[in-house]
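Subject: Structure handover

Hello,

Here is the structure for you to look through. My notes follow below it.

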Amino acid sequence: MFQITGNAKGHIIIVAVAITATGIGVSVILALYYKKRLSSVDSMVFWKKKTKNYRNIEAFLRNFRSLAPKRYSFSDIKRMTNSFKHKLGQGGYGGVYKGKLIDERNVAVKVLNDSTGNGKEFINEIASISRTSHLNIVCLFGYCFESQGRALIYGFVSNGSLEKFIYEQNPRDKQLKWEKLHQIFQGRARGLEYLHRGCSTRILHLDIKPHNILLDEDFHPKISDFGIAKICPRKDSIISITCARGTVGYIAPEVFCRYFEEVSHKSDVYSYGMIVLEMTGGRKNLDVGIGRTSEIYFPHWIFERLEVDEELGLQGIENEEDNECARKMIIVSLWCIQTNPSNRPAMDRVVEMLERRLRFFTIPTQAFLNISKFTGSRFCKFTIMVNCTL
């Protein structure tokens with residue numbers, strides 16, 4: 001047998017310690033390396049397992065690749081937004097940030113919350129807007145779909161949404177002139193006409209509201225937010241939905257109650273008319289009907305004055321051209337908010353009406369149905385017209 005001397009034992013201990021230290025060091029290095037890899041790869045695998053809809057969304061993106069805009073990584077999103085430095089707005093879906101592409105074009109980046117729907121809105125947005133190319137439709141430059149987050153990249157629209165121009169508390173110098181309002185409503189009507197008739201497939205927006213109408217530097221309106229849009233063949237219009245969708249105050253009656261016929265492109269027409277009426281009503285003088293304001297239905301109030309050719313008492317009417325613009329827009333809106341969808345004009349007809357002279361207009365027959373308890377409209381007790389024909 002060999003005997004290990006004291007010196008040999010010391011050498012063995014040193015070697016063992018060295019090997020152990022080396023092993024620990026290598027383990028630490030490997031752990032750090034794989035930790036970095038895991039953050040970009042294994043975390044994605046975990047996210048795939050965690051998110052039930054991941055495979056469906058990826059399958060859609062693969063199948064839609066020829067039409068889909070450019071795909072960006074989340075690091076690209078952080079770089080173009082300067083780490084989300086300039087926030088433009090916040091909604092239930094997430095935040096919107098100003099960014100810049102490599103070619104210096106300004107963009108608006110919508111970063112979606114993890115809890116935003118089950119991916120259907122993300123798919124709808126890409127599927128709908130990617131099929132469009134129109135002055136009055138917002139442009140989608142790209143998207144991001146990664147474990148770190150989802151984002152949609154739009155063209156930047158400098159004047160923000162139409163919503164901020166509606167209410168009377170706006171300073172007088174910030175209110176839009178009637179001619180400009182008429183231009184905006186014409187552009188918005190053309191945008192909807194394009195969605196309903198100009199695409200290879202018919203697109204129903206189903207969430208037309210002031211917040212979703214953006215204005216560029218020349219106040220050209222651009223329809224945005226296609227998260228709940230429906231795509232259907234050109235020859236079809238009637239669609240089936242399982243539950244009411246849209247924004248309270250702008251939803252057509254048939255969307256939340258099948259008694260009023262089926263949901264179709266005429267549902268967008270109703271929402272369009274609501275916005276027109278709201279913007280004209282938002283400029284109504286406060287002294288009209290003082291003492292019994294809560295009893296006044298604005299459509300009823302405006303209808304009575306149109307019938308007898310009375311002054312409308314609206315702000316900003318400076319000349320006969322303004323008066324004609326205001327009356328024309330109000331009459332068009334009253335036609336658009338008919339309760340029966342078949343009595344509303346299609347959007348191509350709306351475009352024609354807005355281009356005609358006022359003397360060729362007819363006022364719809366009055367018949368009111370109070371549905372304020374369903375719609376929650378901003379008009380104190382908003383009412384809509386029924387039993388009219390165009």
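Let me start with one side chain. Phe 74 is buried: its relative accessible area is 12%, under the 20% cut-off. Please keep in mind that this is a predicted model.

Phe 84 is partly exposed, at 24%. Five aromatic pairs were counted. In one of them, the rings of Phe 74 and Phe 84 have centres 6.0 Å apart and planes at 40 degrees, so this pair is tilted. Phe 74 belongs to helix H3 (residues 74-80), while Phe 84 is in the loop between H3 and S2, so the pair ties together parts 10 residues apart in sequence. Ring pairs also bring in Tyr 97, giving a cluster of Phe 74, Phe 84 and Tyr 97.

Phe 122 and Tyr 143 make an edge-to-face pair, with 6.2 Å between centres and 75 degrees between planes. Phe 122 sits in helix H4 (residues 120-129) and Tyr 143 in strand S5; they are 21 residues apart. Phe 122 is buried at 2% relative accessible area. Tyr 143 is buried too, at 4%.

Two charges sit over rings. Lys 98 has its charged end over Phe 156, 4.6 Å from the ring centre. Arg 105 lies over the face of Phe 141, at 4.5 Å from the ring centre.

Now the sheet. Six strands form an open sheet with mixed pairing, in the order S1-S5-S6-S4-S3-S2. Its edge strands are S1 (70-72) and S2 (87-91). Strands S2 and S3 (residues 94-100) run antiparallel, joined by four bridges. Gly 89 has Val 96 in S3 as its bridge partner. Helix H2 (residues 54-63) lies across S1, S5 and S6, at about 145 degrees to S5.

Best wishes

Note on methods:
Residues are numbered from 1 along each chain as its sequence is written. This is a predicted model: local features need pLDDT of at least 70, side-chain atom pairs count only at pLDDT 80 or more; totals for chains, interfaces and linings use all residues. Side-chain values use heavy atoms; hydrogens and water are left out. Two strands pair if DSSP finds at least two bridges between them. Helices (H or I, at least four residues) and strands (E, at least two) are DSSP runs, numbered from the N terminus. Contact means heavy atoms within 4.5 Å. Axes are lines fitted to C-alpha atoms, for helices over the stretch in contact, and angles run from 0 to 180 degrees between N-to-C directions. Rings of Phe, Tyr and Trp (its six-membered ring) pair if their centres lie within 6.5 Å; planes under 30 degrees apart count as stacked, over 60 as edge-to-face and the rest as tilted. Buried means under 20% relative accessible area, exposed over 50%, partly exposed in between (1.4 Å probe, protein chains only). A charge sits over a ring if NZ of Lys or CZ of Arg is within 6 Å of the ring centre and within 35 degrees of the ring normal.
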